[in-house]
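Me: I would like to go through this model and ask what stands behind each label. Keep the answers brisk, please.

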Amino acid sequence: MNTEPPVSLSKEEILRYSRHLIMPEVGMEGQLKLKNASILLVGTGGLGAPLGMYLAAAGIGRIGLVDFDVVDASNLHRQVIHGTKDIGRKKLDSAADTIADINPNVKIDKYDVLLTSENAMEICANYDLIIDGTDNFPTRYLVNDVCVLLKKPNVYGSIFRFEGQATVFATEDGPCYRCLYPEPPPPGLVPSCAEGGVLGILPGVVGLIQATEAIKLILGVGEPLIGRLVLYDALAMRFRELKLRRNPECPVCGDNPTVTQLIDYEQFCGLPQHEGPAAAEVNEGDVDPLDVKAMLDRGDDFILVDVREPHEYLICSIPTATLIPLGEIAKRVNELDSSKLVVAHCKMGGRSAKAVAQLKELGFKRVRNMTGGILAWSDKVDPTVPKY
Amino acid sequence: MAKVLIPTPLRQFADKKDSVELDGATVAEVMTALTAQFPTLRKQLFTDEGKLRSFVNVYLNDEDIRYLQKDATAVKAGDTLSIVPSIAGGAQ
């Protein structure tokens, strides 16, 4: 997978890797392949945490880390490469320290950036294989296209709540991510982990499936997960396998590709551009939490509706709010007086925006969305309300 | 009867069920029966023109129906249809 001259192992490394060295499937030859190998981890979060730790322990010679985020307390239930002492630090620094502690023989490259169309080719070109541990569709399509264009395997994993997917994309004969999903879902249709939650141990399982495939590809042993999509359901404790095929009409890896260089992936995924008037536009139906507080204090005649789920209501709530989960609005609309002003809120403002649209369709004339949800309420109005 | 497996992100539109048994001789018939039972699933799975959305794949047993006869693929009793939407989570 690379052209560097073979290196040898030090006495310390021979002892460290002894359980590998006595296995014929790895042996000295395999361990040197691992030492000569370079892997880029895109993201050092849920999937990147176990990946970074185990790949370092296994003796990968050089690991690149791409992340621009900082460690938050809400990361710690799954991102085991970071600890409580690291809250507020850059994930890159925290991950690099953990890796260096596990195996000081690993060379670590840190990229304190968001992977973009401008920098991705240059960064990825330095590695034998790329592991996608990101959390958003634009970066997933970007990583895919880069891997196809550079002819580098893309070890893919993705998680949601208690379900995971894993496969290997972009090998010579195998399918790519676009063969599986030609287009991303429109924004808002599929909730993110921040909205939908994730079982803390799930990325451990999925990340280690990815680590296993990376090690196998480097060693050239076993049956790689190419052309197969593994689906893992943690609640049922069931693994299933679906067949994936390369699509001859795929725009990037097909027989007549139309995508031959990187594109604007935010636009491809239907996200608003970072600049321009659209992003700054304030919806006239929006109302700030401070204004809602003032309305409550004045005793204004309006209904505050919490459209989150009952289990979220139990974590924290705003007094006087009526709980009607988003999915039940159509059924329970008769509980609301349509002649009154209705203010909807959720956790961050996304679901309540949908609730506002639904209520308008149902004939409500005066409906407003509390911006930023109960998290903004905690920031601006009542800091005793816990954030989650 | 074929078994339809409903993935986690879509269970909220299907009375929180993880699978349902439905009748139908083709994939299209089974999917119609599914969205008749759970009308709010229709918008998640199909475009306004009634086409399966491009970020949702349907598998008959372990084969992608795009590489079989798509909607017209025959379904036998005991077959499993899996709905597999794209999910992006990983780092957050």
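Me: How many helices and strands are there in chain A?

Reply: Chain A has 17 helices and 13 strands. The model is predicted. Along its principal axes, the C-alpha trace of chain A spans about 75 × 50 × 40 Å.

Me: What is the domain assignment of chain A, and how far apart do the C-alpha centres lie?

Reply: The assignment gives domain 1 (37–268) and domain 2 (282–380). The C-alpha centres of domain 1 and domain 2 of chain A lie 37 Å apart.

Me: What part of chain A is buried, and what share of its contacts joins residues at least 24 apart?

Reply: Of the 388 residues in chain A, 41% are buried. Take the contacts in chain A between residues at least 6 apart in sequence: 67% of these join residues at least 24 apart.

Me: Why does Val71(A) count as buried?

Reply: Val71(A) has 24 C-beta neighbours inside 10 Å. The cut-off for buried is 20 or more. Therefore Val71(A) counts as buried. Val71(A) sits in the loop between strand S2 (62–66) and helix H5 (91–102) of chain A.

Me: Which residues does Val71(A) touch, beyond those up to four places away in sequence?

Reply: Val71(A) touches His82(A), Asp86(A), Ile87(A), Gly88(A), Arg89(A), Lys91(A) and Ser94(A). Ala166(A) is 95 residues from Val71(A) along the chain, and their C-alpha atoms are separated by 25 Å.

Me: Which residues of H5(A) are buried, and what do they pack against?

Reply: Lys91(A), Leu92(A), Ser94(A), Ala95(A), Ala96(A) and Ile99(A) are buried. The buried residues of H5(A) pack against helix H4 (48–58), S2 and strand S3 (107–111) of chain A.

Me: Why does Arg53(B) count as partly exposed?

Reply: Arg53(B) has 18 C-beta neighbours inside 10 Å. Buried needs 20 or more, and exposed needs 12 or fewer. The value for Arg53(B) falls in between, so Arg53(B) counts as partly exposed. Arg53(B) is in the loop between helix H3 (39–45) and S3 of chain B. Leaving aside neighbours within four places in sequence, Arg53(B) is in contact with Leu45(B), Phe46(B) and Thr47(B). Pro85(B) is 32 residues from Arg53(B) along the chain, with their C-alpha atoms separated by 9.3 Å.

Me: What makes S2 and S4 the edge strands of the sheet in chain B?

Reply: The sheet is open, with five strands in the order S2-S1-S5-S3-S4 (chain B) and mixed pairing. Strand S2 (19–22) and strand S4 (63–64) of chain B each pair on one side only.

Me: How do you know that S3(B) and S4(B) pair?

Reply: Strand S3 (residues 56–60) and S4 of chain B share two bridges, in the antiparallel sense. Pairing needs at least two bridges, so S3(B) and S4(B) pair. Leu60(B) has Glu63(B) in S4(B) as bridge partner.

Me: Which strands does helix H2 of chain B lie across?

Reply: Helix H2 (residues 27–37) lies across strand S1 (2–5), S2, S3 and strand S5 (80–85) of chain B. Helix H2 of chain B runs at about 120° to S2(B).

Me: How many residues does the contact take from chain B and from chain A?

Reply: The contact takes 23 residues from chain B and 39 residues from chain A. On the side of chain B that touches chain A, S5(B) gives the most, with three residues. The residues of that side divide into 10 nonpolar, 10 polar and three charged.

Definitions and conventions: Residues are numbered from 1 along each chain as its sequence is written. Chains are lettered from A and ligands numbered from 1 in the order in which they are written. This is a predicted model: local features need pLDDT of at least 70, side-chain atom pairs count only at pLDDT 80 or more; totals for chains, interfaces and linings use all residues. Helices (H or I, at least four residues) and strands (E, at least two) are DSSP runs, numbered from the N terminus. Two residues are in contact if their C-beta atoms, placed from the backbone, lie within 7 Å. Axes are lines fitted to C-alpha atoms, for helices over the stretch in contact, and angles run from 0 to 180 degrees between N-to-C directions. Ala, Val, Leu, Ile, Met, Phe, Trp, Tyr, Cys and Pro count as nonpolar, Asp, Glu, Lys and Arg as charged, and the others, Gly among them, as polar. Domain bounds come from an automatic or database domain assignment.
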